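Hi everyone, thanks for coming. Let's take a look at the inside of this one together, with the cut-offs given as we go.

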Amino acid sequence: MYKIIENLEHQAKNVHWLEFELSNNCQYANDHKWCPRYHDKRDLVFLRSKIVYKVVEFFKQYDFYGRVFLSGYSEPLLDPRLVDLVKYIKANLPKAHILMFTNGIACDENLLADVHEAGVERFMLSVYGQKEHQRLSKIASKLPYASLWPRLKITAGDNDIDNRINVYNEDTKGCGGPCYMPTLYYFVRNNGDVNMCFWDWKYTQVFGNLYKDSVADTLMNPKRLQINYELLNNNRNAIPVCKSCQLPDYRCTREYCKDLKL
């Protein structure tokens, strides 16, 4: 059985995945009813750059070498600060692998090339429908660091990205098994909240807010440590949203994160 380890260095070094949701801006926000962004009716919100700097500076102390995503439920290519933020992250976390999901609406191969040169290693181009599949296929064919990421089956009438919209429905059957995501994942929402997981799109599990809390305090938040303990020990029933989670099973296996110190 895994135990709770109340040691900051231990917790920080187990984080292998940083994600910054830079805003709540997305061109599909009013169209895709199956996406959590559709249900966010707030005015436009941008995460302050200083919060990104704060997190990067903290994990720099621990020689972070994992993945950094600039996505969340937002479209990062709409953010005018993007290139500068990518350059900052790469300069301060040189071993990190910066990745990005984009719906591709606001891009062509030239824009992606510029962001790639700034430090993004790979773009996953989310595909919604046959027309976008054709357009994005042309872009991806020219760029070895861009790949298609079908969100919808390329057939007429299909409109189900996945089942995350129903994750709070207790009748939904989850994948079962332990989960390592909250241990290795550090997700910063556009309002500065540090959340358990992007699957928890109603943000029921919050470990602090970086506008007022330190990164260390969010990592050592007793609620976070307890959730990690429950999920590592396969007690999904302790966290309602985790009971119905249907993330791919590989994220719930030890092989997904072999270098975690547990």
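The largest nonpolar core here has 77 residues, and those with the most contacts inside it are Leu18, Phe20, Phe59 and Tyr186. By such a core I mean buried Ala, Val, Leu, Ile, Met, Phe, Trp, Tyr and Cys residues joined through side-chain atoms within 4.5 Å, with buried meaning under 20% relative accessible area for a 1.4 Å probe, protein chains only.

A word on the model: it is predicted, so local features need pLDDT of at least 70 and side-chain atom pairs 80 or more, while totals for chains, interfaces and linings use all residues. Numbering starts from 1 along each chain as its sequence is written, and side-chain values use heavy atoms, without hydrogens and water.

Now the rings. There are 15 aromatic pairs in the structure, counting Phe, Tyr and Trp (six-membered ring) with centres within 6.5 Å; planes under 30 degrees apart are stacked, over 60 edge-to-face, and the rest tilted. Trp17 and Phe198 make a tilted pair, at 6.1 Å and 45 degrees. That pair links strand E1 to the loop between E7 and E8, 181 residues apart. Trp17 is buried at 4%, and Phe198 is buried at 11%. Phe69 and Phe101 are stacked, because their centres are 5.7 Å apart and their planes at 15 degrees.

Methods: Buried < 20%, exposed > 50% of the residue type's maximum accessible area, 1.4 Å probe, protein only. Helix = DSSP H or I, 4+ residues; strand = E, 2+ residues; numbered from the N terminus.
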